[in-house]
Amino acid sequence: MKAEKAINWFFLVHILFQFLKIHAKVPAIIVFGDSSVDAGNNNAISTLLKSNFEPYGRDFFGGKATGRFSNGRIPTDFISEAFGIKPIIPAYLDPTYTIEDFSTGVCFASAGTGYDNATSKVLSVIPFWKELEYYKQYQKDLRSYLGNEKANEVIREALYLLSIGTNDFLENYFLFPNGRSSQFSIEEYQEFLVGIARNFVTQLYSLGGRKISIGGLPPMGCLPLERATNFLSGGECIEKYNDVAKQFNQKLIGLVKELNMKLVGSSFVYSDPYGLLYDMIQNPSTYGFEDVAVACCGTGFFEMGYLCDMMNHFTCKDANKYVFWDSFHPTEKTNAIVADHAVKGSLAQFLV
């Protein structure tokens with residue numbers, strides 16, 4: 001009798017779970033951005049900025065290097081799982097996936113890109129505007145697969161995640177003295193980027209997107225690559241870069257407020273990685289970390305992409321002790337913490 005009740009209870013829970021999945025508030029996660037959320041799109045283009053080789057992905061499912069710039073999953077994968085959709089979000093340019101896979105989540109992000117077209121040209125990656133063009137084609141394919149009514153529902157109820165901007169400053173503005181820095185003051189450049197962000201999400205809204213999260217910048221002066229260049233000051237964080245990140249984030253917060261007022265029926269949120277990541281770096285033991293100034297891969301100071309490969313014998317054994325995997329990107333453990341923070345914070349309203 002007890003066994004029969006247990007089976008009945010399991011059956012009811014299973015039915016309830018299926019009901020919740022069918023009637024989920026968020027049927028899909030759609031991602032735009034840079035290497036912080038690229039699930040492998042750069043594998044399909046001609047660029048030096050790739051990560052589809054060991055030791056990248058060594059802690060991913062099956063130990064597979066997918067093109068994610070991490071030892072495992074990235075924040076958007078964890079967010080998708082938290083919303084009960086699927087454990088990973090596939091890259092749009094990955095030929096092993098189809099529109100059936102993309103109907104519940106797809107990633108258009110490209111490592112090395114930025115809001116600014118000039119940023120994408122530095123390493124010949126997919127420009128931000130092209131990500132939106134891919135999305136338009138995705139909509140057409142989705143309508144062919146699901147039919148107009150169901151596809152429009154997915155488009156309307158999907159959660160759109162944007163994570164981009166760091167490269168505009170570190171790989172563009174501050175890197176080339178005769179480039180954008182000779183054309184704009186830092187505040188003018190920030191406003192220039194915000195204008196691009198405004199135009200992008202306004203187009204996304206016109207295409208049917210309603211639930212949109214705009215991610216802020218991390219404490220980019222504390223990335224191992226930047227600390228390594230600050231050796232004259234003992235390898236400390238470059239506070240000038242951190243200040244720029246905080247200033248830009250404030251402008252994004254203002255943009256989110258503006259968009260919520262102007263675009264009827266929209267739900268824009270600002271997702272802030274800065275405070276949490278900075279706290280991890282300042283108080284690593286609180287989160288179970290031991291190393292914050294250097295990364296797991298190689299010497300931990302400058303390795304990224306092809307410099308972080310299987311021939312580099314300095315790579316650490318336990319990435320969970322490190323905040324950063326390579327000199328620019330967090331470990332899977334850090335990504336999981338950041339994603340959990342976002343789900344319980346800025347994204348919580350979309351769970352109910």
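Modeller: Cys297 has a relative accessible area of 0% and is therefore buried; buried denotes under 20% relative accessible area, exposed over 50%, and partly exposed the range in between, computed with a 1.4 Å probe on protein chains only. Cys308, also at 0%, counts as buried. The model is a predicted one, in which local features need pLDDT of at least 70 and side-chain atom pairs count only at pLDDT 80 or more, whereas totals for chains, interfaces and linings use all residues. Residues are numbered from 1 along each chain as its sequence is written, and side-chain values use heavy atoms, with hydrogens and water left out.

Colleague: Which cysteine does Cys297 join in a disulfide, and what is the S to S distance?

Modeller: A disulfide is a pair of cysteine sulfur atoms within 2.5 Å. Cys297 is joined to Cys308, S to S 2.0 Å. The torsion about their S-S bond is about 115°, so this disulfide is right-handed. Both cysteines lie in the loop between H12 and H13, 11 residues apart; helices (H or I, at least four residues) and strands (E, at least two) are DSSP runs numbered from the N terminus.

Colleague: How many disulfides does the structure hold?

Modeller: There are 3. Cys222 and Cys237 form one of them, with sulfur atoms 2.1 Å apart. This pair links the loop between E4 and helix H10 (224-229) to the loop between H10 and H11, across 15 residues. Cys296 and Cys316 form another, S to S 1.9 Å. The torsion of Cys296 and Cys316 is about -95°, so their link is left-handed.

Colleague: How is the pairing of the bonded cysteines written?

Modeller: Numbered in sequence order, they pair 1-2, 3-6, 4-5. Cys107 is in no disulfide, and the nearest cysteine sulfur, that of Cys308, is 20 Å away. Cys107 has a relative accessible area of 1% and is therefore buried.

Colleague: In what order do the strands form the sheet?

Modeller: Strands of a sheet pair through backbone hydrogen bonds, either parallel or antiparallel. Here 5 strands form an open sheet, E2-E1-E3-E4-E5, with parallel pairing; two strands pair if DSSP finds at least two bridges between them. Strand E2 (105-107) and strand E5 (267-271) are the edges, each pairing on one side only. Strand E1 (residues 29-33) pairs with E2 over 3 bridges.

Colleague: Which residue stands opposite Cys107 in E2?

Modeller: Val31 stands opposite Cys107.
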